[in-house]
Amino acid sequence: MLDKIHKDSKQVSEGADLLTSILTRYPELGAVHYWCEEHALKFTFMLKQPLELETVQVVLRPAMELYHHLERQTIRVFQISCHSEEDVSVLKVVRDLESISQGEVGLLVELLKGAFAKQLVYDETSLPEEELEIHEEVINQMLSSIKHMDISKNVIALRDEGRVLVFN
């Protein structure tokens, strides 16, 4: 029993480390959520304007499908949702852990920055290039190790005024 509790605790900790690294590397992300039922990551972006789901789909879906075609990978979960109220939109992208990579996360962020640069809400950070590369490598390694884990709890990491808060 204690071994299972220790194993679960270690897996949740590794999941929390992954989410923290993603938020540290990509200040454009408002939150990252590990969704245990789908064994997937949910990325949350905030935009300072109402946004139609179709507008986002046109930007993201073809690029992600091409990326996975070139990588010769099958996507199990790829959901995009957008909820707008007054002058704010919350954009969520859900991706399965089996086929996601650090390169895809970077592509996702760059596509959104390119299409919605002035509207995207993000923290101003000035990490040196070497530190960005280290975070990318850490994210890649953590994604590789966590793909085969069965984490039994949902974990969420949120950005709050320059800090990253993690909850499970």
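Student: In which strand does K42 lie?
Tutor: This is a predicted model, in which local features need pLDDT of at least 70, side-chain atom pairs count only at pLDDT 80 or more, and totals for chains, interfaces and linings use all residues. Residues are numbered from 1 along each chain as its sequence is written, and side-chain values use heavy atoms, with hydrogens and water left out. Strands (E, at least two residues) and helices (H or I, at least four) are DSSP runs numbered from the N terminus. The run that covers residues 40-47 holds K42, and this is strand β2.

Student: Does K42 count as buried or exposed?
Tutor: The term buried means under 20% relative accessible area and exposed means over 50%, with partly exposed in between (1.4 Å probe, protein chains only). Because K42 has a relative accessibility of 19%, it counts as buried.

Student: Which residues is K42 in contact with, leaving aside its neighbours within four places in sequence?
Tutor: Contact means heavy atoms within 4.5 Å. With the neighbours within four places left aside, the residues in contact with K42 are A31, V32, H33, W35, K92, V93 and V94.

Student: Where is the place of D123, and which residues does D123 touch, not counting those up to four places away in sequence?
Tutor: D123 sits in the loop between α3 (102-116) and α4 (129-146). With a relative accessible area of 19%, D123 is buried. Not counting residues up to four places away in sequence, D123 touches P27, R159, E161 and G162.

Student: Which residues have the most contacts inside the largest nonpolar core?
Tutor: A nonpolar core is a set of buried Ala, Val, Leu, Ile, Met, Phe, Trp, Tyr and Cys residues joined through side-chain atoms within 4.5 Å. The largest one has 38 residues. F45, for its part, touches residues including L29, V90, L108 and L120. Those with the most contacts inside this core are I22, L41, F43 and F45.

Student: In what order do the elements of the protein chain run from the N terminus on?
Tutor: The secondary structure of the protein chain comes to four helices and six strands. Read from the N terminus on, these elements run α-β-β-α-β-β-α-α-β-β.

Student: What percentage of the residues of the protein chain count as buried?
Tutor: The protein chain has 168 residues in total. The share of them that count as buried is 41%.
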